[in-house]
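Could you walk me through this structure, stop by stop? I have the viewer open and would like to know what to select next.

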Amino acid sequence: MLVQVIRYGVVGVLNNLAGYLIYLGVTWLGVEPKLAVTLMYPVGALTAYLGHARYAFTYRGGHAGGLSRYVIAHLIGYTANIALLYVFFDRLGYPHQLIQAAAIFIVAGLLFLLFRYFVFPSRPVTE
């Protein structure tokens with residue numbers, strides 16, 4: 001599992017660093033934070049799919065089932081991300097830049113568990 005965590009981290013750091021820098025740029029240009037996340041989240045998720053499937057979790061199952069479970073996992077992750085922004089930025093007034101930075105790590109932990117046990121299990125689930 002330690003190897004998976006490290007590989008997951010490598011894919012995640014590269015993908016999220018680029019995504020966070022773009023997020024900062026588009027919000028600086030005036031895009032509302034939750035809209036920026038809504039627009040960028042699917043792009044980041046898709047770019048990370050092959051890295052997670054092949055490198056981090058060495059998934060050998062079919063891509064149709066794996067991809068559909070991946071989408072479900074990311075819908076859960078997206079919902080958690082938006083909820084964090086809503087509670088801590090909209091309701092409590094914390095800076096969105098800090099909330100989004102924290103959300104990256106919170107959602108990453110949630111997604112790791114979903115990927116390991118649901119999306120890319122060591123024994124392929126029924127497709």
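Here is a short tour, from the whole chain to single residues.

This is a predicted model, in which local features need pLDDT of at least 70, side-chain atom pairs count only at pLDDT 80 or more, and totals for chains, interfaces and linings use all residues. Residues are numbered from 1 along each chain as its sequence is written, and side-chain values use heavy atoms, with hydrogens and water left out.

**Whole chain.** Start with a cartoon view: you will find 4 helices and 0 strands, where helices (H or I, at least four residues) and strands (E, at least two) are DSSP runs numbered from the N terminus. The C-alpha trace spans about 45 × 25 × 25 Å along its principal axes.

Next, select H1 (2–28), H2 (33–56), H3 (63–91) and H4 (96–119); each gives two or more residues to the lining of the largest pocket. H1 has the largest share of that lining, with 13 residues.

**Arg69.** Now move to helix H3 and pick Arg69. Is Arg69 buried or exposed? Arg69 is buried, with a relative accessible area of 7%; buried means under 20%, exposed over 50%, partly exposed in between (1.4 Å probe, protein chains only). Show Tyr59 too: a polar contact of 2.8 Å joins the two side chains. Such a contact is a pair of N or O atoms within 3.5 Å; within protein, one must be able to donate a hydrogen and the other to accept it, and residues adjacent in sequence count only if both atoms are side-chain atoms.

**Last stop.** Zoom back out: buried residues make up 36% of the 127 residues.
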